[in-house]
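Here is a quick tour of one protein model, taken a piece at a time. Keep the viewer open and follow along.

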Amino acid sequence: MRVVSGIQPTGNLHLGNYLGAIRNWAAMQDSLEPGSEALFFLADLHALSQPHDPATLHQGTLEMVAALVACGIDPDRSVLFNQAQVPQHAELQWLLNGTARMGWLNRMTQWKDKAGKNREGQSVALFTYPVLQAADVLLYQATHVPVGEDQKQHLELARDIAQKFNNDFASEDAPVFTLPEPIIPAEAARIMSLRDGNAKMSKSDPSDMSRINLVDDADTMAQKIRKAKTDPEPLPSEEAGLEGRAEAKNLVGIYAALSGESVEAVLAQYGGQGFGAFKPALADLLVAKLGPIRDRFVALKEDREALDAILARGAAKARERGTPTLDAAYKALGLVRH
């Protein structure tokens, strides 16, 4: 089993990023059986599909490496790298562009959503990045790819491209590409703003009090929980009682996600109590769970030498694993290389 997954290299990471995605990667690594392997990459080439600030992308890539390692990704057990150091990704995308079809890409709902009405003004990269996503996983003969609802269509496209390439340029008993299967991850926690329970926790929110940043120290975390918006009612004893109480629902959800308990179990313990009792308990849990991750993240984030070494090692492993597939694709297409 070979699992491949990518993540956007955003900076200014917060609790929502950790509980929503990063924590799941560490759990996936730890659940693999002997002989299986996970490749995790930072999708920095994908960032070029939309306007971006080069300095922010550079900083965000390094921050994301630090965050992933701090959250439990072990570069000795998994292959951790960024796309830009593995040129085989971009090479294979070009080879697959000959197989991918305009009609397939036109049907991508993310293209329609992101391009909006101004399709003519979008970059070619925004239109073709699903082919790069296909290359990302097909390059490594991935057997499984974790996908949320919004990425299912892209994995189906990768399978379509692989199938057509195999049909057109390979024999049935010696296909060039493996068709990857989806892994539907456990429902990721949806973490909302501490100032507005109806808005997602976001780094772009002008109020720093709306989010728990991965760099926040224990006192800051506790203060933000203490000042988080709530209502005057005590906590209900059952989940149904949280309906219409967005802020209460969010804080209970954060407690459940951090503790590994169900919302029902949290309410069984704290139902009938006010936020005066619940908020300190939540703050203590947050500091206990996130504190060690935060300390490692902050230290690693400033250690450029260590981050460069992690990425270089991971990229070397990724190039080694991807080269045979790329060579096979060139050969199947009849391209003269040596």
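Ala 329 has 0% relative accessibility, so it counts as buried. This is a predicted model, by the way. You'll find Ala 329 in helix H12. Leaving out residues up to four places away in sequence, Ala 329 touches Leu 92, Leu 95, Phe 165, Val 176 and Phe 177. Pro 175 is 154 residues from Ala 329 in sequence, yet the two C-alpha atoms sit 10.0 Å apart in space.

Now click on Gln 83, in the loop between S3 and helix H3 (88-97). Is Gln 83 buried or exposed? Its relative accessibility is 0%, and the cut-off for buried is under 20%, so Gln 83 counts as buried. What does Gln 83 touch, not counting residues up to four places away in sequence? There's a run from Phe 41 through Leu 42, Ala 43, Asp 44 and Leu 45 to His 46, and then His 89, Leu 132 and Asp 136.

## Helices packing on H11

Two packed helices are described by the angle between their axes and the distance between the axes. Start with helix H9 (residues 246-259) and helix H11 (residues 275-301): they pack at about 35°, and their axes are 10 Å apart. The crossing of H9 past H11 is left-handed. On the H9 side, the contact uses Ala 248, Leu 251, Val 252, Ile 254, Tyr 255, Leu 258 and Ser 259. Facing them from H11 are Phe 275, Phe 278, Lys 279, Ala 281, Leu 282, Leu 285, Leu 286 and Lys 289. Sorted by class, that contact has 12 nonpolar residues, one polar and two charged.

Helix H8 (residues 218-226) also packs against H11, with axes that come within 9 Å and cross at roughly 145°. This crossing is right-handed. H8 brings Ala 218, Met 221, Ala 222, Ile 225 and Arg 226 to the contact, while H11 brings Lys 279, Leu 282, Ala 283, Leu 286, Val 287, Leu 290 and Arg 294. The contact of H8 with H11 has nine nonpolar residues, three charged and no polar ones.

## The cavity

Rolling a probe the size of a water molecule over the atoms shows where empty space is left. How many cavities of 30 Å³ or more turn up? The count is one. The largest cavity holds about 40 Å³ of space. Its lining is made of Pro 75, Ser 78, Val 79, Leu 80, Ile 310, Arg 313, Gly 314 and Lys 317. Strand S3 (79-82) and helix H12 (304-332) are the elements that give two or more residues to this lining.

Which element gives the most to the lining of the largest cavity? That's H12, with four residues. By class, the lining splits into four nonpolar, two polar and two charged residues.

## The second largest pocket

The second largest pocket takes in about 380 Å³ of space. It is lined by 22 residues, and the ones closest to its centre are Ala 189, Arg 190, Lys 249, Gly 253 and Val 263.

Helix H1 (15-31) and H9 each supply at least two residues of that lining. H9 has the largest share, with seven residues. Going by class, the lining of the second largest pocket has 12 nonpolar, four polar and six charged residues.

Methods. Residues are numbered from 1 along each chain as its sequence is written. This is a predicted model: local features need pLDDT of at least 70, side-chain atom pairs count only at pLDDT 80 or more; totals for chains, interfaces and linings use all residues. Side-chain values use heavy atoms; hydrogens and water are left out. Axes are lines fitted to C-alpha atoms, for helices over the stretch in contact, and angles run from 0 to 180 degrees between N-to-C directions. A crossing is left-handed if the near helix is turned anticlockwise from the far one by less than a right angle, and right-handed if clockwise. Contact means heavy atoms within 4.5 Å. Ala, Val, Leu, Ile, Met, Phe, Trp, Tyr, Cys and Pro count as nonpolar, Asp, Glu, Lys and Arg as charged, and the others, Gly among them, as polar. On a 1 Å grid over the protein atoms alone, a cavity is a set of points where a 1.4 Å probe fits but cannot get out, and a pocket is an open set with protein on both sides within 12 Å along at least five of seven lines; lining residues have an atom within 4 Å of a point. Grid points are joined across faces, edges and corners, and a volume is the space filled by probe spheres set on the points. Buried means under 20% relative accessible area, exposed over 50%, partly exposed in between (1.4 Å probe, protein chains only).
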